[in-house]
Structures are given as structure tokens and as C-alpha cells.
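This report describes selected parts of the structure shown below.

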Amino acid sequence: MSPRRTETGGRIDRLRTIRFTFDGAPYTGHAGDTLASALLASGVTLFGRSFKYHRPRGLLAAGVEEPNALVTVLRGEVREPNIPATMVEIYDGLVAVSQNRTPSLAWDIGALNQLGGKILSAGFYYKTFMGPVIGPLKGTRFWMFCEHFIRRAAGLGKAGTAPDPARYERMNAFCDVLVVGSGPAGLMAAKAAADQGVRVILADLEAHFGGSANWSGESIDGMPAADWAQRMAAQLAGNDNVRLLPRTTVWGYYDGNTLAALERVTDHKEVAAKGEPRQRYWAIRAGKVVLATGSFERPLVFPGNDRPGVMLAHAAERYVNEYGVLPGQRVALFTNNDSAYRSAVALKKAGAAVVAIIDVRSDVSNEMRRLASDAEAELLAGHAVVATEGGKALTGLKVQRFDAVSGSLSGDERSVHADSLLMSGGWSPTIHLASQAGAKAEWDSSRQAFLPPKPTQRWIGAGAFTGSFSTAEAIAEGRAAGLQAAGGAALSAPLPVVEAVPGDPDPAPVFEIRAKGKSFVDFQHDVTAEDVRLAHREGFVSVEHLKRYTTLGMATDQGKNSNVPGLAIMAEALGKPIPEVGTTRFRPPYTAVSIGSLAAERFGDLKPERLTPMHDWHIANGARMYSAGLWYRPMIYGLPGETVEQAYVREAKATRDSAGIVDVSTLGKIAVQGPDAAEFLDRVYTNMFSTLAVGKARYGLMLREDGLAFDDGTTWRLGEQDFLMTTTTANAGKVMQHLEYFLDVIWPELKVTVTSVTDEWAGAAIGGPNARAILASCVTGTAVDNATLPFMGIVHGRIAGVPVMICRLSFSGEMAFEVYSGAGYGTRVWEALIEAGKPFGLVTYGLEALGTMRIEKGHVTGAEIDGRTTARDLHLDWMLSKKKPFIGSAMMDREGLIAPDRLELVGLIALDNRALNGGGHIVEALDEVNPHDSLGHITACCYSPALGKYIALALVKGGRARHGTRAFVSDPLRNRFGPVEIVSNHFYDPDGSRMHG
Amino acid sequence: MAEQQLPERQSPLEPEYHPGSHGNFEHGIDVILSETRPGSILQLAAWPGEEKRLIEIIRKVTGLTLPDGAGGGTSSGARAVFGFAPGKFTVVDEAEGLAAAFAGIITPAIGTLTDLSHGRTAIRIAGPKAEWVMAKFFAIDFALPAFPLGAGRSTNHHDIFAQIQRTGADQFDIYVFRSFARSFWKALCHASEEVGYEVQ
């Protein structure tokens, strides 16, 4: 039997022993234990070291608000830091370690920080990182040096660097009513709503539904409250219209009643089932939300209130009643309200000696006096704890007479021998989600707490969340909220009957006992009452500034314990009432959220792959692929031993010598159909399309509304009212959006539909002197001679038995044809063309060779249509129709767009026979040390097999006027400097004789 | 051109299409995944005011009567139709050649016909956990009252546009762009591992 485990009680499975390690030492617990309860049962009192002072810390709480006992859980190489031990369910093989200590939790060298005293006060790092402003170290990097050690000395757990192999998923959920929190209020709300037949989701961050019913020791409907909760949950589980989400923290409340939740699916399991995610991120869209999130017990602020063994009173009750663990053998309680008396009775019943109840109030009610008597505890009314004793565990405390009105201490100190001190400073409703939902909390002077605001979104509060701290009130409010949320009428049926220890819900307005010693407000960030006062003295009077300066309420617990005491102390310092000081707005997330859960199924797979119909053929035939946007395209089809340059030079040369074929399925393709299709294209393109004959294609240019070039491509007229527009691969989506925008918003009267048919067609471009002969050898149903298929003509036929559409157009500058077939036949047609090309030495070529041949021809792509260039800059002004307006025509002649010093498209030839680089600058005079006066930059470059030179396209000031002149490339990033000749962008076959045939 | 028997189309899923049981199937198969490979997938669009005439044409050609309302749809064993945008419908047939049946009937005065038989890939997910798996991908309410039988929805999963039709109480047909289909399929299989799935 472990030293602190009770003989009976709790919902743990005492027949199942779980083995785990903490800081390398083996421990056991029972199924149902948390790491906190199992370690506490094993006699562990020291759970962590504090953030700044490295003070020894024990358990303060039993739930999600635990600020001290943060641990790192290890799974293989993966470590997850800063998890409250109270939220870790133990499993066989669990490995947990403590944090922020060197070399060990028991002997931590960082504890020397406690000697730092006032130096480490609020705003410590803001002050120190400014560096010494006087003395010999002024102006040196000494403090930078110190920063390294300071940062190491302070902090929480360390994030891991090993890749996380766990699976995360996102779920989208819709419901009529989302109930957050499954205490008596939440269970009643869920039941009432579910009975109305609406869809209900009930989420609770704990593993078991029931909330306070699991440990209150009360009875409901004549049975232990925990059993009642279990029965309610079982009933809900049997409803088809209810989804139960245990271990699910609703952490964000966003607009439109969209809430974010994190479900810990397998964190409590030794091994996840196949495909089971570690965590699920739930995006829940709820018609109505019932917030039944309960309340947090507040600590009292007094010297030594952070010593291991000092715990919240309800937490002790929970350890006893839920886990069968006593926090100590000799227990004292310190309170400003009635709720601690119930804890005293529970502790006594479980076998602890309750040595004293210290109550700041002198007028304790007879009922409470009777409870103290039941607990056999000495009642010290009108007293306060002024000190605690012990090292890594509590050994005793000192009390003094206390006046709750004036806050003054009097009389002699008296020692109380105890190994556990349980405190209760009143209760704060858990209003985080309501605060996130967008309204300001309201101070209630009776409850001495911030109550939820009036809803600005569709939520209803119930139970302790609203400040109704009794279970009977929670049950009544829960049912009413559930009914209201579901749109049901009020019920006259009797409510479950609660038997509970009575008590006044209103505490005495006492938050701090001012005596000598460090009194902690924020345990997690080591913020003391004196730090709050120091911030006030230094001028931080706004509550938001106080938070940031002192770090009060930051980090993983987000002020769950410290918020109200901190504000109360600040208010006292300011001499203002608490409501005037106000409170900070809670922000998401309510608790820490793993990045993995936000990435969800995109973890390790950031974008989908877009594949052409011939993708597998390319892979099987040695293509080296690269990504182009979402697409994967062949870069080269390299031969063994070939460099990329050797491969593309070979491919381009072979194409120009005989024939080559390239997969052009990625080109954007948009069906433009309808009676007004031609008119629409006339408006969209700079040039005329209404005059295009059926069965012909035309090259078109689009401008943006601001007159800059947008995209180019050919559009084929397949029928009188049926066009097939092609776009650049990269701009397909943007062009589609552009067209839809103009049809939906600007010209809704036009009868035109636009549909993405990019994926409908597989495209193969075959070019070169023998391209026509190859086609002729495999196409049936049509001729492909010059008369039947002139330049920009379109014919229909069959290849390998499947229908194809062939358009004669050229990007390479060779006699070329684009062969389109249904995508499902793409590989079949491709293979047939390859087979037909064998006698001609047909090569497959990739994007590098494609780019090489287009540079040789001086065609533009997205590298030149870069959002800054105009049609004139690119020498495409011949396409700007003067007969009609078009998108961009009104803006294209603006002064800045026709200025003579604009960058214009030119060609470059490297005069030193060395490769040029994209992005390299063009200058008139070389200055390698201080490069300056750029004339422009290179947009695309290659080795040209046709010219036998390294060439490039560039955008250069003066453009055409510089043809035939010499300049220099200046590329300091890659240390490439050298002479170039500026020439026309049409390097190869400028009159087009090869492609016109 | 004389009608010829066309060869079988290549599926974009081929290298990743593995019939059999996968994932956590030891405890049962909760979803069945398949590629339905319809012969015809058409997009029909009506000009504003011409929707009823187009719906009537759809009824005459396919025998399917579209219910009123946005996103309404219906399916028989071999054919299916649903609205996916105002005045726009996806019509699907197991057999090829449905476009020819509509050609000439959908006049320029009524609307347009676009053949997407090759451009879209049809993936079916069926089984008791179909809604669960779908909820991993799409921010859509898949509950039967919100997404009735036969109805269609246009949505997307990250970069992948998808049209979804409910073709059974626990069955959905998903139409994705062919180029994205393999990527989507892999993601769908991955997401289905948890519940145990079978590829048919």
C-alpha cells in the first residue's frame, strides 16, 4: 500500500496496476490515476521548480489549472513539455520527467536564483537586457553573454527537435447545441436539449463526464453524485442525436458560433490503434452553445503559499474522493469562505487528521462551526496564515490574529504542525470562452468574482460558470439552458434532488495576507504580490500593462489561478475598487494546443500533388520531375551520366534537328461557351477574337485592369459559341477567377459560361522538322498537311483509336502541333506518338528544353509577365487592338506605363561564354566591389544549342535602343560578373519560317 | 466519323488503387472506397430564367427529376444529377455518350453543355463511418437532414475542389479534378485507416 493511498474510495481501478517512470524512477499507480494522483499516492511532494526562482513546488490543483506540476512526457525521441501532471492519465510505460531543473528536481542549482532577491523582480528582463549604462561594461556585449545563461535559468520545459511521427486530424462538426463542460449543469443541459430531439455535442476536457459530481461527495437523486453523473452520461451515450467528446478541451470561441476544440484521442494509451490519431482538432459550428464550464478555486496570497504541501482545498477533496489519495496526514485549512469546510469533512472521512481550520472571518456561521466540529478540527476564526515551514515538503505553518476588514495582523504568531495546508480564496467562474466570444466580464461584489458578460453570441450559461455555485442551482440552470438552447418549453417535471453540505457562496473580500516573505500571486510565472505593487509604483496602472510587465496570467495556465488575486492587489495599490481596474480579455487558446493538431492531416504533406495523365509514363521512362506550382512536370529525361545542361541541350537540339515531344497537359484550359462568348473574349483579350474562324486558334494577351500584362495563351474556336482558352500553367486559376469575376460582377448580362477543362484534356506538343511526318504516320480520320492544317488551324482525328484534336501552333519555334485527347487516353496517345516517332529519332523533352527553345525564340512567360511589365515592355503592343476597348485599355497608357525609361524585353548573349543566372543585374560599367546603377535584370537563361552560346532574356532600361551594345552582368550574390551583348529577344528564326513551314 | 468502340480509359488512381482491406480493419470494415468510373460526367448550365427548361431537358434525357431548391439532386442506379451552383448541374451516367444525347437539345437560348467525362474522377465512399471520414475533409454538415439523399454540394479540401453528392444514406460520390484525384485518394485512404476500409 502506498503511503497516501486510502483503503477505499475513488474511481480508480485498484485491481489494475500501472507502471511508469518519473525522472527515471519507477512508480506504480492504478488505472484511472493521473500522473499527479499516482505520484501523490506514492508520497511524492516535489513536482517541479518555479519559473524564475527555481523554488520547489508541489501540486496546487487537481485539474487543468495546475500551474506548478508541469512535466515533459517522452514518447521515444519525441518530447512534449509543459503538460500539467494533473492532466496526464497514466498508462503502462509512461515516461515523464520534471522541468526547469539542473541537475535534478531535488537538487537544482537554479535554486541559487532565490538569493537574487529584488534583482529578479517584475520587469527583470526588460530592465537587464538594456545592458549596463555605466561602468566598464558599458557598451560591451556583456549582457548579451549573460542573456544566454539567464534564458537557460528561467523557463518551462524544452521543446523537442525530433520529428513527431504521431498522426493528427481535423474534424468538422455541426450541432444544434454544443454543451461545454459536463458537470451537473452540463449533463442536465445536454440531456434536456437531447430530449428535444436536436443534435447535441457534449465536450469535457476530463476523461470522465461529471465534473464536480465526481468528487463533491454529494448525492443526487438518492445516489452518490458520481454514480448519478455516470448514469446521465450513459443515457446520453445511448442517444443517436448526441455526440460525447471526453478528453476534449474547447479552447476557442470564434465568430459565428464556431468553436475550436482539441480531443486527446490516444495520449492516455500505451499504443494507438492503427490509423488512430493522437489528437483531433474539432472545428464545431454550433447553433447554440451552453457554457457550463464551472469555476476555479482561487489561492490565497500569503507568505510561503507556494511551498510543496500547500494545495487548493477542493483539489485535496478531489484527490481523496476521485483518486483515493490523501494529500497529507495532518491537514490544516485556510479559507475566506465556506466551501473549505466541506473539504475538511471529506479529508477527515478519508482518514486524515484535520488539525485546524483557519478562517479569516471572525463571524463563522454555526453551520460551518458544526462542520469544523464534525471534522474534529480546531477552528481559528479571525486568523490568517502568515508563514509556512519546510523545504521540499510542508512541516508546519504560523498563524496570527487577522482583521478581515482592515487586513491587519495582531497578537503572537502561533505554530501549527501540519504536512498539508489546504487553502480556499473563493471561486472564480471559468468565463474564458465567454470572454473570447466578445464581451466584457462583470464584477460581482457578493461573489467577489468576475461573472460572465451578457452574451453577444448565441450562448447560454449554466451552473458555477454563472456564479451559481451550488449543485442544486447548477442542475436547475443546466436544464433551463438546455431547453432554451434547443428551443423547448420550460418543464414542470421535478428536478433531481441534491443532498449537499450547505454553505454561503460569498467569500470574505480577502485576497492577501500582508506579512514578511514572498507571497505568490502567479505561481507559474513566479509573480509575487510585491511584484504587482512594484509595477504599480513604476507606473503600470492599466491592467493590460500590469499583465505584460509582470507576466501575471501568462504562460500555459493563462491566469486561471492568479487573475482575480492579482487584480485585487493592483486595485488596492491604486486605491480603486476592482471593477474600475477591470480585467484582461481572455484570448484563445484556453489551454495549450499542439501545433500538430492545427496542421492536422497536412502534417508532413503540405500540398496536394497535381499529376498529368502521363505522369507515370514520365517516371517509368527516366524523367527527373520537379514541382511547378502544385503540378509535377518532367525537368529532363536524362541519360546515364548526363548533367541537367547536357540533357536539355541534347533534347532541344534533337527537337530542332528532327522532332521532340513534351507533355503540355498542365496548360490551363478554360471552356468559354455561350452566345456572348466571342464578345466576352473581345473584352478580355487585348486583341480581337470575334473575327476568329471556327476551327482556328489565335494567340491572345490579357491585361489586368490596371493596364499591366496579365497572361497569354492561345484560344481555339471549336464552334460558333464554343471556345477553348489556354492559359499559362501558373496562371490558370487566376485567369479563371478573373473571368468569373467579370461575368458575375461586371457583365452579368453576358450569356457566357466558363468552366475549367484543364483536366479534361491530355496535351502533347510535338515539334520539329519531322513533327508533321510523325503525326501523318499515326493520325487517322484527317490529313495534317499544310492545306488541311495550316498554322493555327485545328483538325479532329484519331490516334491509337481514340479521338484527338490537333492544333498547329508552336512554342518552340519549330513546326509544331498540340495533340489533345481525353485525359483518360493521354498515355495511350502519348505512347502512340512516341512509337510513331521512333523512325524519326523523336525525343521526349522536359521543361528545361522547353524553356531553352522558348528563350531562343524570345517568347515570354510568367518570368517576364511578372505583374510589373506592360504589353509594350514585352514588345506585344502589336496585340493592343485600337478597334475596341478591353480590360486594361483605359489604364495602359498612363504616364508611368509608357515612360521611356521602363524596363523592356531584350536578349543577352554572354560574351565570356559562361552561364548567366536568372536575377543577375545588367550594368553599363562593372564595379564588383560596389555594384550599382542596375539597368535591369535577367528573367530567363540557358545554353542555346541553336546558337552555341549562353543566352538570356532580360528586362533592361532602354530596351531596343540598346540592341547591339555591350553591357555587363553584375551578380554579386553568385559572384558572376562579365560582358554581355544586348540583342533582340528573337534569337532564333526571327521571321518564323521554321514554324510556318 | 464512324462510331468506334473506344478503349478503356486509364484511371488516375491506378498505382495507388489497392483492392482489399486496409487500416484498422481487424475490428470491422466501416467504409468502402471505390472509383465508380462513370462513362459520362457533364456540366449543364442554364442562363438565368432558363433553369426550369434545363431541368425539364435533364428529366427527358435521363429520366431523373430534380427536386426544387439549391443543391437538390437525385440518382438512380446508373445515373445521377445534382445542382452544384445557381443554374448549374452535374449529370452523370455509367455509360459513355451522354453528351451526345444532350447536344442539340440544350440550345444556346437555354444554356451550355460541357463534357467533363475525362476531367473529373468519381470516388465513392460508403459505409457506417462515411460521414465520419468525410467530416475530416470538408466543413460541411453531412447529417442526413442537412444533406439529404440525392443532394449535391460544391466545396473544397484545401486546394482540391470537390463536388459531393449523397447517393445513399451512408454513401457519397465525390467528384474531384482528375489531376488531383490520386492525391485526394491517398488522403482519403489515410483518413479511413482509423475506421478500417476496403477498396473495391
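The model is predicted. In chain A, five strands form an open sheet with mixed pairing, in the order β2-β1-β7-β5-β6. At its edges stand β2 (25–31) and β6 (78–84) of chain A; each has a single partner strand, so one side of each is left without a neighbour in the sheet. From one strand to the next, the twist averages 35°. Strands of a sheet pair through backbone hydrogen bonds, either parallel or antiparallel. Strands β5 (residues 70–75) and β7 (residues 94–97) of chain A run antiparallel and are joined by three bridges. Within this pair, Leu74(A) has Val95(A) in β7(A) as its bridge partner.

Helix α11 of chain A spans residues 529–537, and its buried residues are Ala529(A), Asp531(A), Val532(A), Ala535(A) and His536(A). These residues lie on the same side of α11(A), because they cover an arc of only 165° around the axis. The elements that cover the buried residues of α11(A) include those in the table.

| Element of chain A | Residues |
|---|---|
| β30(A) | 520–522 |
| β31(A) | 527–528 |
| α12(A) | 543–550 |
| α13(A) | 563–574 |

After α11(A) comes Gly539(A), which has a positive phi, near 100°.

The next topic is the contact between the two chains. Here 40 residues of chain B are in contact with 43 residues of chain A. On the side of chain B that touches chain A, at least two residues each come from β3 (40–46), β7 (111–115), α3 (130–137) and α4 (178–192) of chain B. The most is given by α4(B), with eight residues. Sorted by class, this side of chain B has 20 nonpolar, twelve polar and eight charged residues.

One loop residue of chain A, Glu609(A), is found between α15 (595–599) and α16 (615–620) of that chain. Is Glu609(A) buried or partly exposed? With 16 other C-beta atoms within 10 Å, Glu609(A) is partly exposed; a residue counts as buried if that number is 20 or more, and as exposed if it is 12 or fewer. Leaving aside residues up to four places away in sequence, Glu609(A) touches Leu630(A), Tyr632(A) and Ser183(B). Tyr590(A) is 19 residues apart from Glu609(A) along the chain, and the C-alpha atoms of the two are separated by 36 Å.

Note on methods. Residues numbered from 1 in each chain as written. Chains lettered and ligands numbered in written order. Predicted model: local features only at pLDDT ≥ 70, side-chain atom pairs only at ≥ 80, totals over all residues. Contact = placed C-beta atoms within 7 Å. Helix = DSSP H or I, 4+ residues; strand = E, 2+ residues; numbered from the N terminus. Nonpolar A, V, L, I, M, F, W, Y, C, P; charged D, E, K, R; others polar. Pairing = 2+ DSSP bridges. Axes fitted to C-alpha atoms, helices over the stretch in contact; angles between N-to-C directions. Arc of directions from axis to C-beta.
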